[in-house]
Amino acid sequence: MTLLETDEPPAFRVERPDGKSPYFLTCDHASARVPRKLGSLGVSAEDMGRHIAWDIGAAGVAVKLSAALDAFAILQTYSRLVIDCNRRPGIPDSIARISESTRIPGNETVSAAGAAAREREIFHPYHERIRTDWTRAAPNSGPRCSFGA
């Protein structure tokens with residue numbers, strides 16, 4: 001099963017990939033985007049605008065801080081309701097069935113293949129890019145800053 005269509009954004013976006021700052025910024029819940037194949041996950045547009053779907057304003061802060069510091073920043077592109085990149089895959093909170101008392105119908109019966117596609121196409125590429133750039137930057141890097149929780 002493939003989750004993302006070829007015209008959809010990748011799992012992350014990078015700001016200042018060649019930034020000179022020793023800071024390394026990550027933003028796990030930067031967007032409320034859901035892959036087209038998952039529709040709305042059964043969640044209303046109003047609820048998708050709430051904190052259950054993303055960390056409102058975190059992406060803007062990360063981008064501005066990246067620019068101000070000339071620092072590498074990586075921002076996760078898809079909603080935490082698709083897969084929470086701040087949770088280990090396979091645990092119940094990784095693909096939330098309920099978030100802040102709101103049911104997520106599209107997550108109530110995710111198949112093993114569906115969960116694997118979310119991990120393979122969203123979770124792992126994001127974390128692999130973090131590892132790659134962190135390893136490359138480590139000899140010269142300073143503190144890591146993460147936005148979103």
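## Charged residues at work: exercises

R16 pairs with D70 in a salt bridge, and their closest N and O atoms sit 3.7 Å apart. (A salt bridge here is a side-chain nitrogen of Lys or Arg within 4 Å of a carboxyl oxygen of Asp or Glu.) R16 lies in the loop between β1 and β2 and D70 in the loop between α2 (58–69) and β3 (72–76), so this pair ties together parts that are 54 residues apart in sequence. Helices (H or I, at least four residues) and strands (E, at least two) are DSSP runs, numbered from the N terminus.

Before you start: this is a predicted model, where local features need pLDDT of at least 70 and side-chain atom pairs count only at pLDDT 80 or more, while totals for chains, interfaces and linings use all residues. Residues are numbered from 1 along each chain as its sequence is written, and side-chain values use heavy atoms, with hydrogens and water left out.

**Exercise 1.** Work out whether R16 and D70 are buried, partly exposed or exposed.

*Solution.* 
- Step 1: get the cut-offs. Buried means under 20% relative accessible area, exposed over 50%, and partly exposed in between (1.4 Å probe, protein chains only).
- Step 2: R16 has 38% relative accessibility, so call it partly exposed.
- Step 3: D70 comes in at 25%, so D70 is partly exposed too.

**Exercise 2.** Find the salt-bridge partners of E108 and R120.

*Solution.* 
- Step 1: start with the total, which is 10 salt bridges in the structure.
- Step 2: E108 goes with R103, at 2.8 Å between the closest N and O atoms. E108 is partly exposed, at 30%.
- Step 3: R120 goes with E121, at 3.4 Å. R120 is partly exposed at 43%, whereas E121 is buried at 15%.

**Exercise 3.** Trace what the side chain of E8 reaches.

*Solution.* 
- Step 1: E8 is buried, with a relative accessible area of 9%.
- Step 2: look for polar contacts (N or O atoms within 3.5 Å; within protein, one must be able to donate a hydrogen and the other to accept it, and residues adjacent in sequence count only if both atoms are side-chain atoms).
- Step 3: the E8 side chain reaches the backbone nitrogen of E5 at 2.8 Å, and that of R36 at 2.8 Å.

**Exercise 4.** Which side chain does D28 meet in a polar contact?

*Solution.* 
- Step 1: D28 sits in the loop between β2 (24–27) and α1 (45–48).
- Step 2: at 6% relative accessibility, D28 is buried.
- Step 3: its side chain contacts the side chain of Y126 at 2.5 Å.
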